[in-house]
Amino acid sequence: MNTALLYWGLLFGSIGIGFFIFGKRQGKIVPLICGLVLMIFPYFISNTYLFVGIGSALVALPWLIRG
């Protein structure tokens with residue numbers, strides 16, 4: 001585990017908590033699920049480039065899919 005993964009994990013986890021709370025309060029399923037996945041996926045990915053790619057896609061997904 002390197003330092004970059006820890007910092008990226010902190011960033012994506014924080015965004016995930018925000019999405020999760022927003023989705024739960026507003027009753028929107030896409031931000032809720034993206035928030036859960038953003039909080040969980042850092043435990044399973046160890047490649048930094050793949051980590052940032054997946055995280056960035058999950059952050060952009062609620063803006064691309066309004067649901």
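Rings of Phe, Tyr and Trp (its six-membered ring) are taken as a pair if their centres lie within 6.5 Å; planes under 30 degrees apart are stacked, over 60 edge-to-face, and the rest tilted. On this basis, a search of the whole structure gives 5 aromatic pairs. The structure is a predicted model, in which local features need pLDDT of at least 70, side-chain atom pairs count only at pLDDT 80 or more, and totals for chains, interfaces and linings use all residues. Residues are numbered from 1 along each chain as its sequence is written, and side-chain values use heavy atoms, with hydrogens and water left out.

One of the pairs joins Phe12 and Phe51. Their ring centres are 5.9 Å apart and their planes lie at 55 degrees, so the pair is tilted. Phe12 sits in helix α1 and Phe51 in helix α3 (residues 48-64), 39 residues apart. Helices are DSSP runs (H or I, at least four residues), numbered from the N terminus. Ring pairs link Trp8, Phe12, Phe41 and Phe51 into a cluster.

Helix α1 (residues 3-26) also meets helix α2 (residues 29-40). Their axes, lines fitted to C-alpha atoms over the stretch in contact, come within 7 Å and cross at roughly 155 degrees. That makes α1 roughly antiparallel to α2 (angles over 145 degrees, on a scale from 0 to 180 between N-to-C directions). The contact (heavy atoms within 4.5 Å) includes Phe12, Gly13 and Ile15 of α1 and Pro31, Leu32 and Cys34 of α2.

How values were computed
Helix = DSSP H or I, 4+ residues; strand = E, 2+ residues; numbered from the N terminus. Parallel < 35°, antiparallel > 145°, perpendicular 65-115°, else oblique.
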